[in-house]
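Trainee: Could you walk me through this structure? I have the sequence and the model open side by side.
Mentor: Happy to, let's look at it together.

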Amino acid sequence: MRLLAVRVQNFKLLNDVSLTFSTDRAKPLTVIRAENGSGKTSMLYALSWAFYGQDGLPDEARTSRLLATTCPAGVPVEIKVTVDFEHTDPDGIRSRYRLIRTAMETPGMGDAVTRVPHPPRLLRIDPGKGEKHVDESLIDRFLPRTLQSIFFTDGDHVEKFITSTTTSQQQAQVHGAIRSLLSLDRLRQLAKDLDAISSAARKAAAKAEGADVESKLAAYERATVEVGRVQGEIEAKTEQLTVMTKQREDWNGELQDLRGLGDLEKINAQLAEADREHKRLQQEIITTRRTLRDLVSETHFSWMMGHSVYEEGLKALEGLSDQGIIPGTSLHVLQNRIELKQCICGETLDMADPEGKRRAEFMQNLLAQQQALSESSQRLTAIYHTANHEVGRIKAEIAEGNGFHARQGKHLETLTNLRELLLAVAARRERLSEDREKIDDERVKLLTSRLKKLDGQIRAIELDLPSLQSSLDVWQKQAEDFDRAYRLAKDKASKGDQTAMRRDIADDLRALVSNTLARLESEYVSKVAERTSAMFLKIVGANPSEEGNVFIGVRIDPTTYDIVVDAQGGKTLNHAFEINGASQRALTLAFIWALMEVSGTEAPRIIDTPLGMVAGGVKTRLINAMTDSPGEDHPDFQVVLFLTRSEIRDIEETLDRRASVVTTLSCSKDFPTDLRFDWGISSPVIRACSCSHRQSCRVCARKYDSDNGVVFRDAFEVSNAAV
């Protein structure tokens, strides 16, 4: 879909502001120029609210006023956002729509407010026929609710999309974005339907095959239900954690902005450092847990559990070797020595030499005898030598202190130390929060109180997730074991009747669809990773082939959906702690752009303040990558960027080439501090003007425009105006 225009009425200070958007394929960029406090974020939230209602607002705004604070108490006011857009259906038919969302809000005393939301109205506009009401559920098909953070992005939080506090949060966000944009919903639903059909067919066949098969199938299905239940709990808690973490960042950011109140600045700095340390320790704990989990899949664990059995088997093989039943490695050795024309003793086997010829013929006869051995003897030979080698290696590593117990003990000690450090950091955070709460300021107290409560909720979820993951691992293992037992019992008792045939057919169809779905997702993930890597390296100016480059590439783990940044020397970078803010933004935006390109999604990409913490060549390359017109093999797209004058500096020429629509927002409250002209109104309000990124007028002119190369439209007027 493509945005055409929006009109916002009575949303915050946007009393009546209209914007149009670029629909030019060659110049897909729309720029909304606005300084801080001039309506960028309000406009972003107004658009998001229009499409998603309450869910499109940040948590704190869902119960707070949407009207301006200057609106009188007790007087109801209608809030209204009207969005005109186009959408192309799967048949290539483009239709125009108008979305209207309204709410009646009545301010009370203080911060009290009553808001009555009205159902949205979606109208299709047919040329010559007028407007026709259509089902509002189409909105979620045009811009899926699950992808709100993809379409409407706050630049100050953009890097958090892939640098969440925990890997599970990141996995949920990245995996969710990939799954939602891949257009595999019908196949995924078919897989679910076939699961139900297969389950019913299994039960019918098991009933005919006897109580043993029935009981084993019931045990498997109970374990499968538990796997789904625990997975659902993990997903729900992960989503809660994501929302809570963002809320904590918002409140903590506001608290950080409060300066000059006693030791607040010092406490904020210490808390920020403690937060970073807390996140780092959490990541190390996750990594150590993974390492401990992986130990049980290694050979040392197998040796520890069954070394007595292995050694008995090895003794039996050695006995066979002593009896000459198995020839050791003679086959391979003889073949190799004949080819090399040199005996084990060092003598020649060259056929040109008489003695060499005699030896060679002897060894060829011996080789023929060995090749005549039975297949089982050869298999025993291979097992004997492989086992000898592996046992020797394992015992040597155990002697060097690298056995299972030693490594497990080392990692358990590391995990214990990390947990103790995490508890110490948590205690320090709590102590600092208590110190900050003592500062005598109402807002500080309110925010610290909210953060303290939220921290408790976050800690509770963080404590729940590892135990839920452990429970999931147990149930998944049990499900595998029960499934294996059921299949053995089924094969043993199978009667080959129609119920068994129906079950087998249903199982085959289910496996076919599931495998196809997994393969398609894997292919899409690979394509998204390749495109993300190419765009990211281009934006940060990295050439993997040149010596000294930090970044080698980006990949997406097909199992966990982790976004991995590869560095020199076979290392990987933790993008939450080892990549700067500008590169984090570049990585996230590259991922979003790649995801939408690969999925073929035509949709607007709206970003508020995308260039914070970005400067120099990265800034230019980032804006070029975001605004480049789509190629022939890519779908149309729109880019809407909310930019300040400082963000625009140094990219003016790029905006000249790429932007076909530029609008400026200004707020009357900035006169006389920043605005040059008085609008002649008493209450603060936001207005739009048609000034480009190089211009100003009596609505938007600011005192520092000359520092940014902005030219007033009427030079005579500005030279004679009272400043």
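Trainee: What lies over the face of tryptophan 593?
Mentor: That is arginine 605, at 4.7 Å from the ring centre. Keep in mind that this is a predicted model.

Trainee: How many aromatic pairs does a search of the whole structure find?
Mentor: The search comes up with seven aromatic pairs. One of them joins phenylalanine 51 and phenylalanine 85, with 5.9 Å from centre to centre and 50 degrees between the planes, a tilted arrangement.

Trainee: Where do those two sit, phenylalanine 51 and phenylalanine 85?
Mentor: Phenylalanine 51 is in helix H1, residues 40-52, and phenylalanine 85 is in strand E4, residues 77-88. They are 34 residues apart, so the pair links distant parts of the chain.

Trainee: Are they buried or exposed, phenylalanine 51 and phenylalanine 85?
Mentor: Both phenylalanine 51 and phenylalanine 85 are buried.

Trainee: And why is the pair of phenylalanine 85 and tyrosine 97 called stacked?
Mentor: Because the planes of phenylalanine 85 and tyrosine 97 are at 15 degrees, and planes under 30 degrees apart count as stacked. The ring centres of phenylalanine 85 and tyrosine 97 are 5.5 Å apart. This pair also links distant parts of the chain, with phenylalanine 85 in strand E4 and tyrosine 97 in strand E5 (residues 94-107), twelve residues apart. Both phenylalanine 85 and tyrosine 97 are buried.

Trainee: Which residues form one aromatic cluster with Phe85?
Mentor: Phe51, Tyr97 and Phe142 form that cluster together with Phe85.

Trainee: Back to H1 for a moment. How many of its 13 residues are buried?
Mentor: Eleven of the 13 are buried, and H1 is mostly covered. Among them are Met43, Leu44, Leu47, Trp49 and Phe51. Lys40 is also one of the buried residues of H1.

Trainee: What span should H1 have, and what do its end C-alpha atoms show?
Mentor: At 1.5 Å a residue, the 13 residues of H1 should span 18 Å. The end C-alpha atoms of H1 are 18 Å apart, which agrees.

Trainee: What follows H1?
Mentor: Glycine 53 does, and its phi is positive, near 65 degrees.

Trainee: Which residues other than glycine have a positive phi?
Mentor: Aspartate 650 is one of them, with phi near 85 degrees. Threonine 609 is another that is not a glycine, with a positive phi of about 50 degrees. Most residues other than glycine have a negative phi.

Trainee: Where are these two, and how covered are they?
Mentor: Threonine 609 is in the loop between strand E13 (604-608) and helix H16 (616-627). Its relative accessibility is 15%, so threonine 609 counts as buried. Aspartate 650 lies in the loop between helix H17 (645-648) and helix H18 (652-658). With a relative accessible area of 59%, aspartate 650 is exposed.

Trainee: What about peptide bonds: is the one from phenylalanine 671 to proline 672 cis or trans?
Mentor: That bond is cis, with omega near 5 degrees. Proline 672 is found in the loop between strand E15 (659-667) and strand E16 (686-689).

Trainee: Switching to cysteines, how many disulfides does the structure hold?
Mentor: Zero disulfides. Cysteine 71 is partly exposed, with a relative accessible area of 23%, while cysteine 343 counts as buried at 15% relative accessibility.

Methods:
Residues numbered from 1 in each chain as written. Predicted model: local features only at pLDDT ≥ 70, side-chain atom pairs only at ≥ 80, totals over all residues. Heavy atoms only, no water. Phe/Tyr/Trp six-rings, centres within 6.5 Å; stacked < 30°, edge-to-face > 60°. Helix = DSSP H or I, 4+ residues; strand = E, 2+ residues; numbered from the N terminus. Buried < 20%, exposed > 50% of the residue type's maximum accessible area, 1.4 Å probe, protein only. Lys NZ or Arg CZ within 6 Å of the ring centre and 35° of its normal. Expected span 1.5 Å × (residues − 1). Disulfide = S-S within 2.5 Å.
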